[in-house]
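Hi,

Here is the structure I said I would pass on.

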Amino acid sequence: MKTINILIALFISLFTISCNDNEYIAPDELTDVLWYTSIFPGNANKVLVGKTVSFMDLSVNPLSHEWTIEDGNYYLKTGFQPSWGTDTLKQFINDKISLINTDHTVHVLFLKKEQSKVRFRNTFSKPVTYKGTKPLKAVQEGNVWVIDTTLVFEVTLPAVTP
C-alpha cells in the first residue's frame, strides 16, 4: 500500500511539472486571400443590364480591402431581392458610397452596358496567393503585400422576343 501511495504521489508530481505554460508556442498569424461572387463558379461573368451581382471578401486578416466599380454602376443597400425589376432595384442604390467601397460584402447593380469592371484590392502583412482557376500571387509594395485584380463582366440587354 505504501508503494502505491508513493507511485501516485510521483505520478501527480510528474503531471504537475509537465504542464508548463511557458513552453507553449503560439502558431503564426494566419493570412489568406479569397473572394466570392454570386455568379456560379465556372460560369462566364455575364449579367443582364439592371441585374445585380454580390461580392464577398472572405480573406483572413487583411490590413485593408476595397471594391471599386465603374461609373454607371451602383452599390446597393441590403434588403432587396435579386429577382426584382430594375426600377425597384434602383430604389436600393446607396447614395452614400461612390465608386470605392470598403465593406466586406457588396451588391452591385449593373446599369453600364457592354463591359463593366469590378476591382478587388487587399493588402496583407505577408505574401498570399489566390488559389482559384487563375492563381494570383501578392506583389510587395513597400512593407505590405497586395492582391489587386479586376473582374470583367459582359453586361448585355435582355433578349427581346416578339
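Let me start with Ile93: setting aside residues up to four places away in sequence, Ile93 touches Tyr74, Tyr75, Leu76, Lys77 and Leu109 (contact means heavy atoms within 4.5 Å). You'll find Ile93 in the loop between helix H2 (86-90) and strand S6 (100-101). Helices (H or I, at least four residues) and strands (E, at least two) are DSSP runs, numbered from the N terminus. Ile93 and Tyr75 are 18 residues apart along the chain, with 5.9 Å between their C-alpha atoms. Ile93 is buried, at a relative accessible area of 16%; buried means under 20%, exposed over 50%, and partly exposed in between (1.4 Å probe, protein chains only).

Before you read on, some housekeeping: this is a predicted model, where local features need pLDDT of at least 70 and side-chain atom pairs count only at pLDDT 80 or more, while totals for chains, interfaces and linings use all residues. Residues are numbered from 1 along each chain as its sequence is written, and side-chain values use heavy atoms, with hydrogens and water left out.

Now the cores. A nonpolar core here is a set of buried Ala, Val, Leu, Ile, Met, Phe, Trp, Tyr and Cys residues joined through side-chain atoms within 4.5 Å. The largest one has 23 residues, and those with the most contacts inside it are Val33, Trp35, Phe55, Trp67, Phe110, Ile147 and Phe153. Strands S3, S4 (64-69), S7 (105-110), S8 (114-124) and S12 (144-156) each supply at least two residues of this core, and S12 gives the most, with four. Apart from it lies another core, of six residues, including Phe80, Leu89, Phe92 and Ile93.

Thr52 is in strand S3 (residues 51-57) and is buried too, at 13% relative accessibility. Beyond its neighbours within four places in sequence, Thr52 contacts Val47, Leu76, Phe80, Pro82, Leu89, Val108 and Leu109.

What about the aromatics? A search of the whole structure turns up eight aromatic pairs. For these, rings of Phe, Tyr and Trp (its six-membered ring) pair if their centres lie within 6.5 Å; planes under 30 degrees apart count as stacked, over 60 as edge-to-face and the rest as tilted. Trp84 and Phe92 make a tilted pair, 5.6 Å centre to centre with 40° between the planes. Trp84 is partly exposed at 30% relative accessible area, whereas Phe92 is buried at 19%. There is also one aromatic cluster formed by Trp35, Phe55, Trp67, Phe110, Phe120, Tyr130 and Phe153.

Cheers
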